[in-house]
Amino acid sequence: MTAISEAASDQYDQPATRRPEWVDGLWLIAPTLAIVVGMMLVPLLAIIIVSFWTQTGFDLEATWTLENYALLFQPEGKLYRILIVKSLWVSLVATTAVVVLAYPMAYFMAFRIQRGKLIWIILLTVPFWTSYLLRVFAWKVILGFNGVINSGLKAVGIIGPDGLFEKPLEFLLYNPASVTITLAHAWAAYAVLPIYVSLEKIDRSYLEAATDLGDSKWKRFWRVTFPLSLPGTIAAILLVFIPTVGDYITPTLVGGPSGIMIGNSIANQFIKSNNAPLGAALSCVMMLAITVAVCLFLMAIGKKRLKGADI
Amino acid sequence: MNKRELLGAISAGRMTRRDMMKMMSAAGITMAVLPVSRAKAADEAINFTWEGYNEPGFHPGYIEKHGASPEGPYFADVGEALAKVRSGFKVDVVHPCNLDLKNWRDADVMQPIDTSRLSNFGNLFEGLTKLAYAQGDGGEQYFIPVDWGNTSVLYRPDLVEIEEESWNLLWDERYSGQLSMSADATEAVAIAGILLGAADPFNLTDDELSKAKDLLVKQKSLLRFYWDSNSTVEQALASGELVASTGWNSSVVTLQGQGVPIKFANPKEGIMSYCCGLVLMKDAPHLDKAYDLIDAMIAPEAGKWLIESYGYGHSNKKSFEMVEDAMLAERNLPKDPNEFFANGIFQRPTMDADRLHKMFEEVKAGA
């Protein structure tokens with residue numbers, strides 16, 4: 001009897017002598033941690049440090065100064081402030097459009113599809129197998145002067161000598177609206193999937209109970225389904241909003257002179273204007289602006305919901 | 001564990017999570033340490049250049065000797081090219097223009113070129129090899145001229161009504177939304193300077209610079225886009241999306257070849273002319289091949305091809321002897337570049353390019 005228990009204790013260490021569990025965990029996340037530190041934290045710190053330096057000619061002057069930040073809050077910095085607000089606005093509109101479009105898709109997949117859900121999910125992600133650049137270019141082709149929409153309208157006679165418009169529609173491309181449209185499509189998958197997951201998790205008996213207690217379909221949706229899908233919806237909003245504010249390639253390709261965003265300005269500081277410190281300061285201010293916007297959004301949703309949301 | 005055992009273990013469900021993790025990490029490490037075998041083309045000289053400037057016609061001698069074209073990454077404008085080179089992009093030769101030479105010298109990225117290694121150097125126009133900042137303080141050669149041409153207004157005579165040709169066409173409110181401008185700061189600011197009648201449009205005074213900025217801000221709302229590749233401009237002019245844009249000689253040849261009615265203005269304020277060429281990078285990875293490339297690009301055959309198919313002038317005197325006079329007349333090219341430059345406003349090196357980039361950036365970023 002004793003022999004057996006001794007053998008058992010040899011095989012399985014006593015809890016007291018075991019290594020704490022988090023040490024094992026540390027090994028498990030070590031590769032990820034190394035990547036996060038090396039590829040995110042170090043560059044981020046570098047950006048913050050450089051933003052307090054100045055540029056003289058082709059060299060960085062490593063004396064600490066608030067000059068770059070001061071510029072952004074002086075009258076000369078007005079255009080950058082406007083650009084940040086404009087970028088936040090474009091992203092906000094695009095995010096709203098994405099979520100409004102994605103929600104019905106996710107709802108359809110969660111509640112209407114009974115068999116072969118995987119196929120639907122795969123179908124949904126098919127456009128996202130191509131590169132981001134290609135998708136933006138596709139929109140350029142769709143919205144362009146000789147693009148799909150304009151040629152289509154020409155073919156049915158809406159554009160032409162006798163049509164509603166004499167010339168192809170020019171307002172489709174090279175403005176903030178085309179940036180918004182492109183962003184709304186390019187980020188759709190990132191919104192559909194989290195919303196779908198949270199809808200899928202909803203216990204169907206709640207819905208039956210709501211119907212049994214006399215809720216109409218519409219009421220049931222707003223009182224049961226929607227609140228329970230909030231975690232996914234909030235995740236979708238953040239997933240789309242945060243990266244799109246700083247987007248650079250979409251406005252470059254479809255934005256035209258009026259559609260540029262803060263990302264273009266930052267890229268220009270680093271590349272053409274040869275002013276890395278100002279670019280770094282702009283990046284920091286942009287990150288700060290996004291943080292503030294996200295905090296305001298989360299506060300508006302309310303702390304209680306946030307706890308339930310479990311993000 | 002061999003492949004069959006592995007697959008067997010997976011299908012029989014004998015694979016534990018831990019085994020799976022081991023396999024996955026082994027695969028991951030293998031992928032990460034596999035030597036990246038680059039294609040053979042990587043051994044060729046790297047010619048960092050403008051769109052369409054790494055065509056075989058530019059360097060027939062190089063292909064003859066090495067059996068392949070050099071690698072040709074493109075840049076959209078010279079400011080971007082310098083930024084890339086400075087941030088560690090390893091290339092052999094770059095193709096800036098005389099306007100940018102001061103900036104490239106300041107950046108300290110070039111090495112002097114041993115002209116005795118270039119068999120064609122003796123036949124180049126001396127006026128071009130001795131341009132300002134083409135040579136160092138001690139007379140060493142940094143810049144080997146290759147091509148020269150014009151920047152002017154390309155326009156569709158069938159879609160535009162003008163009384164006389166002027167840079168003003170790019171500010172004409174009747175064609176709002178159908179105009180375009182180069183995204184290159186130095187060129188855009190110079191155009192505004194020419195329109196203002198500045199004494200030196202390439203080095204504006206502070207007062208002129210702020211006036212130029214107002215002009216460019218005014219223009220911005222009239223533009224369809226700022227272009228950064230000439231094929232973009234050519235397509236947009238061909239379709240009628242644009243009716244006028246800044247552009248270069250080669251676009252005229254290309255568009256005329258496609259049967260598009262196109263004119264290259266000779267503005268009353270003066271047509272802008274430039275000379276571009278090759279500079280050798282300090283840390284050029286393929287130095288010998290880079291010399292072969294430079295020599296091939298200034299050879300008379302390359303010049304003949306350039307004149308005939310792109311419509312630019314070439315730096316080698318002998319290339320003009322190989323082209324028929326009628327062709328030169330059609331291309332509007334005199335046999336002496338100095339005569340050509342005297343007809344217009346020849347670009348001079350910009351002393352402080354940063355100032356222009358900063359100003360143009362503010363124009364673009366403005367609401």
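Predicted model: local features only at pLDDT ≥ 70, side-chain atom pairs only at ≥ 80, totals over all residues.
Biologist: Which way do E5(B) and strand E10 of chain B run, parallel or antiparallel?

Modeller: Look at the bridges between the two strands. E5(B) and E10(B) (residues 272–281) run antiparallel, joined by 8 bridges. Here B:Asp147 faces B:Cys276 of E10(B).

Biologist: How many bridges join E5(B) to strand E8 of chain B?

Modeller: There are 5, and E8(B) (residues 244–248) runs antiparallel to E5(B). One pair to find is B:Leu154 opposite B:Ser245. Strand E9 (residues 263–264) of chain B is joined to E5(B) by 2 bridges, also antiparallel. There, B:Tyr155 stands opposite B:Lys263. Strand E11 (residues 313–314) of chain B has 2 bridges to E5(B), again antiparallel. B:Trp148 has B:Gly313 as its bridge partner in E11(B).

Biologist: Now a helix. Why do residues three or four places apart point the same way?

Modeller: Now take helix H8 (residues 176–186) of chain A. Its buried residues include A:Val179, A:Leu183 and A:Ala186. A:Ser178 and A:Thr182 are also among them.

Biologist: Which helices do the buried residues of H8(A) pack against?

Modeller: They pack against H4, H6, H9, H11 and H12 of chain A.

Biologist: What caps the N-terminal end of H8(A)?

Modeller: A:Asn175 does. Its side-chain oxygen lies 3.1 Å from the backbone nitrogen of A:Ala177.

Biologist: How do I read the interface of the two chains?

Modeller: The size of an interface is often given as the accessible area lost when the parts come together. Between chain A and chain B, about 2300 Å² is buried, and carbon and sulfur atoms give 55% of this. A:Phe58, A:Pro257 and A:Lys272 supply 33% of the area that chain A buries against chain B, more than any other three residues. The contact takes 22 residues from chain A and 29 from chain B.

Biologist: How many salt bridges are found across the interface of chain A and chain B?

Modeller: The rule finds 1. B:Asp77 pairs with A:Lys272, with the closest N and O atoms 3.0 Å apart. The interface also has 9 residue pairs in polar contact.

Biologist: Which helix gives the most to the side of chain A that touches chain B?

Modeller: H4(A), with 4 residues. By class, that side of chain A has 11 nonpolar, 8 polar and 3 charged residues.

Terms used
Residues numbered from 1 in each chain as written. Chains lettered and ligands numbered in written order. Heavy atoms only, no water. Pairing = 2+ DSSP bridges. Buried < 20%, exposed > 50% of the residue type's maximum accessible area, 1.4 Å probe, protein only. Contact = heavy atoms within 4.5 Å. Polar contact = N/O pair within 3.5 Å; in protein donor to acceptor, adjacent residues only side chain to side chain. Buried area = accessible area lost by both parts, 1.4 Å probe. Salt bridge = Lys/Arg side-chain N within 4 Å of Asp/Glu carboxyl O. Nonpolar A, V, L, I, M, F, W, Y, C, P; charged D, E, K, R; others polar.
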